[in-house]
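Here is a short report on charged side-chain pairs. Look over the sequence and the fold before reading on.

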Amino acid sequence: EKSQDCMYLQYCKVCQSYKAPRSHHCRKCNRCVMKMDHHCPWINNCCGYQNHASFTLFLFLAPLGCIHASFIFVMTMYTQLYNRISFGWSSVKIDMSAAKRDPRTIIPFGLSAFAASLFALGLALGTTIAVGMLFIIQMKVILTNKTSIESWIEEKAKDRIQYYQTDETFIFPYDTGSKWKNFKQVFTWSGIPEGDGLDWPVREGCHRYSLTIEQLKQKADKRVRSVRYRAIEDYSGVCCPVTKGVKTFFTTPCTEEPRIALSKGDLILATRGLKHWMYGEKILDSAADGGLRERGWFPRKCVEKCQYDSETDQPVDGEKKSR
């Protein structure tokens, strides 16, 4: 509504519009999502402002259902094995062919049924632990009125301030200071979260756009510390390239972030890297690509660092540069 607010907002080149505070662009959904937490492949959708409460309830109820299933599996195996186990002086024998007495079971319980029940019990317990831990993580960020992405932004803000040793302090603006108030912003009796997803109440002493201002600072810092590389080999963009060396094949990044295909002569602006892989953005002609961006991982051996003059030379692989 106020044109002067544009200086505090991030611009999405894909959606061709400014991002609302706490919004992020999802590569999978190909749109900006309000208060985006993450993209969940299991629900084939983003977890954000509208469905954060529903997703968290799903993470709570799924382990409960698995605990119930585990109890049924355990009691099934116990009742079926009770009449089939004989204890001797030197060994324990299990007769899976038939019960000693005639329990008149509704469902025949043989060796295959026992193996299937045991396997299902393992799956139920594994899901309970894995999804239960995700529920705990979600509740931690909800009680501080954050998302998983915002928690990561806060950590990077601390690293940026420590890196340049500035006197500034970053205070997360949306934490009300009360866990109950933070909880009520997500969970309501009507099922509709508070607010409109665009304007958020901020704590006293914080700017309305404190988070987006910090994000702009982090992006500017990334550009300062980025390094320009030129592709010297073609790369098809496969996850585990066989022709780029054994070490490159076995050390492929374990992440859902994409790989970018390279052609000899392409220019890439690298922002971070591993020993055998690098992550960056391909430098394209903005007029020809329509504002699209190609970012992802690529093998380190496929590129070489471009030569700079003394004024534009950049540190490599996180080497500090005085500023």
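Is K146 buried or exposed? K146 is buried, because its relative accessible area is 14% and the cut-off for buried is under 20%. This is a predicted model. K146 forms a salt bridge with E154. The closest N and O atoms of that pair are 2.4 Å apart. E154 is buried too, with a relative accessible area of 13%.

**Confidence**

The protein chain has an average pLDDT of 84. A pLDDT of at least 70 is reached by 85% of the residues. Residues 314–323 stay under 50. For that stretch the model has 19 contacts beyond four places in sequence.

**Salt bridges**

The structure contains 12 salt bridges.

| Pair | Closest N to O distance |
|---|---|
| K146 and E154 | 2.4 Å |
| E168 and K217 | 3.1 Å |

Take E168 and K217, which form a salt bridge. E168 sits in the loop between α3 (148–164) and α4 (179–186), and K217 sits in helix α5 (residues 210–225), so the pair ties together parts 49 residues apart in sequence. E168 is partly exposed, at 28% relative accessible area. K217 is partly exposed as well, at 35%. A network of salt bridges links R160, E168, E214 and K217.

D221 is buried, with a relative accessible area of 6%. R225 is partly exposed, with 30%.

Terms used
Residues numbered from 1 in each chain as written. Predicted model: local features only at pLDDT ≥ 70, side-chain atom pairs only at ≥ 80, totals over all residues. Heavy atoms only, no water. pLDDT = per-residue confidence, 0-100. Contact = heavy atoms within 4.5 Å. Salt bridge = Lys/Arg side-chain N within 4 Å of Asp/Glu carboxyl O. Buried < 20%, exposed > 50% of the residue type's maximum accessible area, 1.4 Å probe, protein only. Helix = DSSP H or I, 4+ residues; strand = E, 2+ residues; numbered from the N terminus.
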